[in-house]
Amino acid sequence: MRIFVTGASGWIGSAVVPELLEAGHEVVGLARSEASAQRLDSVGAIVLRGDVDDPDGLAKAAADSDGVIHLAFQHEIAFGGNFPAAAAADRRAVEAMGTALAGSDRPFVLASGMLGLTPGRVATEYDGLVPGAEVRASPAGLRSATALLTLSLRGIGVRSSVLRFPPTVHGDGDHGFVATLVGTARQQGVAGYVGDGANRWPAVHRSDAASLARLAVEVAPAGSVLHAVGDEGVAFREITEVMGRHLGIPSASVAPADAGGHFGHLAHFVGLDSPATATVTRAVLGWEPTGPGLLEDLDQDHYYH
């Protein structure tokens, strides 16, 4: 298959592209910068210069492909305080590529998130498909709306699926949530957790996320919601205890009222209890994670250089 991948040089994309190439697929990777283009070229991908703010370019690339994996999201805009703008750009991209694939029965895989999907209970692949009015304008609600749009593409002849990733897609080279938390702990002199730290985060190793993305574009049924979950829910306190041990600092509670000052822009996320399961995903696709779990990975040196 000739597979068009947006976000191809990002943290997840840079694992997905080699996974696809090793499986014998041809990969066309979207690159915003010359550095990204060089990275993609070096692993054997075909480079397409552009970005997700060009719906016409995305539509043409999708039309010229046998399938699409849409990993790109404007995180710098979202975390800069304008999540609605990032979500709107994502929706336009999905509309453009979905329309280009209409009537072809070709696959379209959308990357989405699961943090905060069903606070306080284990989220399944069936959750979050009809967000309530109280969350529709929230980040989770906005991403759910785009996910629903993606799933609706099966009605126009697209084999669409939604692949939800946990906040912690971890591994050597990670510069995301976990690495940021390590940096915060080092700066603050304490590996902090909110309240009693019993809230749970799902997680997956990057290699397992990549293999699931490949399976999704190859064989996921139309209308599938998939969960890239290795660890269903790791207590946040346990995460900070491993960090503290490696950094030589204590692990300690941070009062909810002080979370903003301690964690900065991550304050809203670190206290969420958001476990999730991948039971349906494993049954439908036969996917079995083989990479290390989050706590095992955190025990490696690469997070503390």
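Predicted model: local features only at pLDDT ≥ 70, side-chain atom pairs only at ≥ 80, totals over all residues.

Visitor: Why is Asp105 called exposed?

Guide: The term exposed requires over 50% relative accessible area. Asp105 has 56% relative accessibility, and therefore counts as exposed.

Visitor: What makes β7 and β11 edge strands?

Guide: The open sheet in question has 3 strands in the order β7-β9-β11, with mixed pairing. β7 (168-170) and β11 (231-235) each have a single partner strand, so one side of each is left without a neighbour in the sheet. On average, neighbouring strands here are turned by 40° against each other, direction ignored.

Visitor: How do you know that β9 and β11 are paired?

Guide: Pairing requires at least two bridges between the strands. Strand β9 (residues 200-205) is joined to β11 by 3 bridges, and the two run antiparallel; the pair therefore meets the criterion. Within it, Arg200 stands opposite Ala235 of β11.

Visitor: How do you know that β5 and β6 are paired, and in which sense?

Guide: The same test of at least two bridges applies. β5 and strand β6 (residues 159-165) share 7 bridges in the parallel sense, and they therefore count as a pair. Pro107 is found opposite Arg159 in β6. Both strands belong to an open sheet of 7 strands with parallel pairing, in the order β3-β2-β1-β4-β5-β6-β10. Its edge strands, β3 (46-49) and β10 (224-227), pair on one side only.

Visitor: Which strands does helix α8 lie across in the sheet of β6, and at what angle to β6 does it run?

Guide: Helix α8 lies across β1 (2-6), β4 (67-70), β5, β6 and β10, at about 165° to β6. In the other sheet, α8 (residues 206-219) lies across β7 and β9, at about 70° to β9.

Visitor: What makes the contact of α3 with α5 nonpolar?

Guide: Helix α3 (residues 55-63) packs against α5 at an angle of about 35°, the axes being 8 Å apart. The contact is made by Pro55, Leu58, Ala59, Ala62 and Ala63 of α3 with Ala93, Ala96, Met97, Ala100 and Leu101 of α5. Ala, Leu, Met and Pro are among the residues that count as nonpolar, so the contact has 10 nonpolar, no polar and no charged residues.

Notes: Residues numbered from 1 in each chain as written. Heavy atoms only, no water. Helix = DSSP H or I, 4+ residues; strand = E, 2+ residues; numbered from the N terminus. Axes fitted to C-alpha atoms, helices over the stretch in contact; angles between N-to-C directions. Contact = heavy atoms within 4.5 Å. Buried < 20%, exposed > 50% of the residue type's maximum accessible area, 1.4 Å probe, protein only.
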